Amino acid sequence: MNFMKVVASISARSGSKGVPGKNLRQLAGRSLIERAIETAQKTPSITEILISSDSKEIIEIGKSKGCMVDKRPESLADDNTSLHMVTKYNLEIYEQRLGKPNCIVQLSPTCPFLMPETIELGNIDITREFNDI
């Protein structure tokens, strides 16, 4: 089996109008951003985690958990910015620093019940495709 670089991209901006500071909100003693990071860390096929945020506090949490972090530009941190645009930006940042990954997995802090096993099942399918090429 070939080694795959699988990057978890976790995008967490600070400026939510509906639920201010939602990515830092606590659920059972841990913030949503911490839960997303821990889920990525428990997923065996994920080899790197990239946190992208306009929040200094979220970036500090990412650093403290051993993640690669990037301070997202203001132009990618408003209500009109699509997740696709942010994920594309995150991929470019990763490629500049560590080269091209085989796969990028977008995780959202606002999905705190996503299980590592679920992510892994999707990554297994991708790995099969990768190894068949």
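A crossover is right-handed if, with the strands pointing away from the viewer, the path from the first strand over the helix to the second runs clockwise. The model is predicted, with local features requiring pLDDT of at least 70, side-chain atom pairs pLDDT 80 or more, and totals for chains, interfaces and linings using all residues. Residues are numbered from 1 along each chain as its sequence is written, and side-chain values use heavy atoms, without hydrogens and water.

**Exercise 1.** State which elements form a right-handed β-α-β unit, and describe the pairing of β4.

*Solution.* Helices (H or I, at least four residues) and strands (E, at least two) are DSSP runs, numbered from the N terminus. The unit consists of β4, helix α2 (residues 56-64) and β5. Next, consider pairing, for which DSSP must find at least two bridges between two strands. β4 and β5 run parallel, joined by four bridges; I51 has V69 in β5 as its bridge partner. β1 also pairs with β4 in the parallel sense, over five bridges, and V7 has E48 in β4 as its partner.

**Exercise 2.** Determine where the buried residues of α3 lie around its axis, and what covers them.

*Solution.* Buried means under 20% relative accessible area, exposed over 50%, and partly exposed in between (1.4 Å probe, protein chains only). In α3, the buried residues are V86, T87, Y89, N90, I93 and Y94. They lie on the same side of α3, because their arc around the axis, taken from the directions to the C-beta atoms, is only 160°. H84 and Q96, on the other side of α3, are exposed. The cover over the buried residues includes β1 (6-11), β4 (48-53), β5 (68-71) and β6 (103-107).

Note on methods. Contact = heavy atoms within 4.5 Å.
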